[in-house]
Amino acid sequence: MTVLIVDDTPTIRLIASSVLKKSVQVLEAGNGPDAIALTQQHRPQLLLLDVMMPGMDGFEVAERLRTDPNTCDIPIIFVTAMTDHDSHIRGLALGAVDFLHKPINADILKVRVLNALEREHLRRESELYQRQLRESLEQLAQNSSMLEAIFDNPNEVKLVIDHKQSIVKTNQYGQELLSPVFGPLTGLSLCALGLTTLDGQPLSLDKVLTDQLLFDCCLNAKDGTAMSMAASVRPFTDQDGRSFHLLGLRDISGQLQLRQQKRAAEEARESLLHELTQQKHALDEHALVSITDRDGIITYVNSKFCATSGYTQEELLGQDHRIIKSGLHEPEFYADMLSTIYSGKTWTGELANRAKDGHIYWVSSTIVPWLDKEGSPVSFLAIRTNITDRILAKQQLIEAQQNQMQIAADIQNHLLFGLPPQNLRGISLACHSEGSEGIAGDFYHFQRFDDHTVDLLTGDVMGKGIAAALIAAGVKSAYDQALVKLMAGQRFNGAPPSVQAIANAMHADLMQELQHLGSFVTLTLLRANRQNNSITWVNAGHTPTLLARACTGEVLELLGENLPMGVLPDEQYVEHHTPMQEGDTLLLFSDGLSESVNQQGEQFGTERIKTLLKTGITKAAYPTMVVNSLRSVIHDHTDFSVTRDDSTVVALKFTPADEQTCFDQGAVRAEQHLDLPRELNKLTPLRYSIEAMCDSMSEEDTQMLVLAAFEAATNIVRHTPEKLKKAPLTAVLKRSEQGVSVELIHEGNTFVPTNPPNPDFSGNSFGGFGLYIIENAVDWVEYNDPMPGLAAIGLVA
């Protein structure tokens, strides 16, 4: 048996292959076209097919295979993260024999694949058996063709009875009429037909075959079925001298039942009237019923309608339904309803109505048009069910879910994403994360050991939503626990344990729990040491870490060979060492960034990320700029559409060894990065940071710089388009021998004012004050675009 594994994620293919290759031959394909080519070439017995793939998805692959006679009957097991009803229906329509939901459980994968292969084997054997059976039946039909001349009456059952009173032959009509009741007739004893008189008295078979030529009788089956017949018997002898009787039977049930049907019709009419009366009573107790004429005038309402709406019958009859119109639906809603029912079709939907006292109530409504002979509606029957309680409960549930997601997001911000350490010498950090469902299965974590050493843990949990976020929190906790346990060991003598030791300790703690949860985690654990200018890292199935060399502009991919945590219990994680130089930049990211797709289904890709990183090296950009620029260009690529997957990025740069990433009272080259929300009432931290940076300047110069920075920041916030409201505004503060500079960097287009107007100080008009303040409050102003997708204004005082 051969199984073709189709998935655009190498990790998934590796897991599935490692599980199945001991039992079956395994082929692998990373995209739809390769899958089709391998299927046509090797014709595997089963496809394990991922649904969500770039370019050609799994459903399209299945459709193309079904149109090819050579591959149309190959069974398919879809592997998908989608659990919605429509996706399952579409998969089954394409011939899927099973579904596997991500994350994949290795044991379930193996059992379901082997079961599907076994079913395919049995299906093919069954087809062979059925073909042989058909051939045998065709041969038998040819041998019995001579009987067709004898039994030439298509309206009469004819049975040949031998001397043992057994049926030896019958005509086609007899088979069609009697076989469904008595089973196969040939070889059946005549007594099995249960011959009686019409009033139920048993008939002697000897007497029937000897004396009676014409008589009426009844055939009685064991299941109680009775068939009234007019019978005739004729003896005959074949050419070999054997004696037979030809029994002819003609169905007279219709004649006998005619009188019974007439009597039964009268009884049914009375019963139906009684049933309709009961149904109307039940309907009136449950539903709001109204009838309107073709012009929409109400001609009938039941008591339930009146009780719910608060109107009396007298107030409703002769009115149209505008009397209970709520005003909550758009005109297009009512236009669609009228178009449907006036075209003779039934309309169903949920509708908000307004009662006489003004309160709103919701109904599930079905409007059925009554049509004349020409198919035009003459009146309309509306049956409505009060669903107000369900609608209110649904709204409350939505609000509760939104509150739950907000609480989860708040918890996540504290548990999964901490601020990078800001007191490292020669190391600058920046990070960002976005969850596809508001909260993410991605995570990052920082551990500072001293002024020049920091651990960076980033990863991605299989899956999305709250469950993935909780697992991610557990992974971070496992790192902390592993670090504490290893630090407590005497062999380390107080020094940080190796990255390799921490990774293996985490795996030992997480393996059993991850298998129990049916999940796994890809991660990178990286230690940056500015003192010896190196990084040490372990990659557990995660996306490659990109290293941009400042001296050459080259971008390298750092990717280990270890599997994700939670896949194999005996996996041993191995660390790697790479030298670093001042100005080198590292970028760690999840596949949610590289696999972001645009409207045409094109992925952003790793190469675009490398190009942006090279630009950052060229412009000596600090990590905050790199992260903001990457987020901006990906937003442009996807046109701000909702991402399919969580996305996380962390940037690390080796800066001059005497530079700190936060304000230091004694450092001349101190630098501070400050991310601010684009909200006017949340810009206060900018004031405090500028005042702290300007402690050696005069109060007047300090306040003028604060004034200019606030005016510039306010302009940026006020002119932010809606789609960029959630993008941060980054302030970079530096102090040098020449003074203090403030650079405000934001996603958007560069704004360079041309001939700004002078403000009208007479008070007769407004305008020009903001640019005037910025130009005259500081020594120097510069507008630029520091990185792709970013704009900046620099102020120096």
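## An exposed loop residue

Ala620 is exposed, with a relative accessible area of 53%. Exposed means over 50% relative accessible area, buried means under 20%, and partly exposed lies in between (1.4 Å probe, protein chains only). Ala620 is found in the loop between helix H16 (606-618) and H17. Helices (H or I, at least four residues) and strands (E, at least two) are DSSP runs, numbered from the N terminus. Ala620 is not a glycine, yet its phi is positive, at about 50°.

This is a predicted model, in which local features need pLDDT of at least 70, side-chain atom pairs count only at pLDDT 80 or more, and totals for chains, interfaces and linings use all residues. Residues are numbered from 1 along each chain as its sequence is written, and side-chain values use heavy atoms, with hydrogens and water left out.

## Other backbone features

Gln165 also has a positive phi, of about 60°, and is not a glycine. Gln165 lies in the loop between strand S6 (157-161) and strand S7 (167-170). From Lys102 to Pro103 the peptide bond is cis, with omega near 0°. Pro103 sits in the loop between strand S5 (96-101) and helix H5 (106-143). Most residues other than glycine have a negative phi, and most peptide bonds are trans.

## The whole protein

The protein has 20 helices and 30 strands. Buried residues make up 47% of its 797 residues. Among contacts (heavy atoms within 4.5 Å) between residues at least 6 apart in sequence, 59% join residues at least 24 apart.

## Confidence

The average pLDDT is 86, and 90% of the residues score at least 70. pLDDT is the predictor's confidence in each residue, from 0 to 100. Over residues 661-669 it stays under 50; the model has 33 contacts beyond four places in sequence for this stretch. Residues 761-767 are also below 50, with five contacts beyond near neighbours in sequence. Where pLDDT is low, the predicted coordinates should not be read in detail.

Phe305 lies in helix H9 (residues 303-309). Phe305 counts as buried because its relative accessibility is 0%. Beyond four places in sequence, Phe305 touches Leu288, Val289, Ser290, Leu316, His321, Ile324 and Arg384. Phe305 and Ser290 are 15 residues apart along the chain, and their C-alpha atoms are separated by 7.5 Å.

Thr578 lies in strand S23 (residues 576-579). At 10% relative accessibility, Thr578 counts as buried. Its side chain makes a polar contact with the side chain of Trp537 (3.2 Å). A polar contact is a pair of N or O atoms within 3.5 Å; within protein, one must be able to donate a hydrogen and the other to accept it, and residues adjacent in sequence count only if both atoms are side-chain atoms. Not counting residues up to four places away, Thr578 touches Ser534, Ile535, Trp537, Leu547, Arg549 and Leu558.

## Cysteines

The whole structure holds zero disulfides (cysteine sulfur atoms within 2.5 Å). Cys217 is in no disulfide; its nearest cysteine sulfur, that of Cys218, is 7.4 Å away. Cys217 is buried, at 0% relative accessibility.
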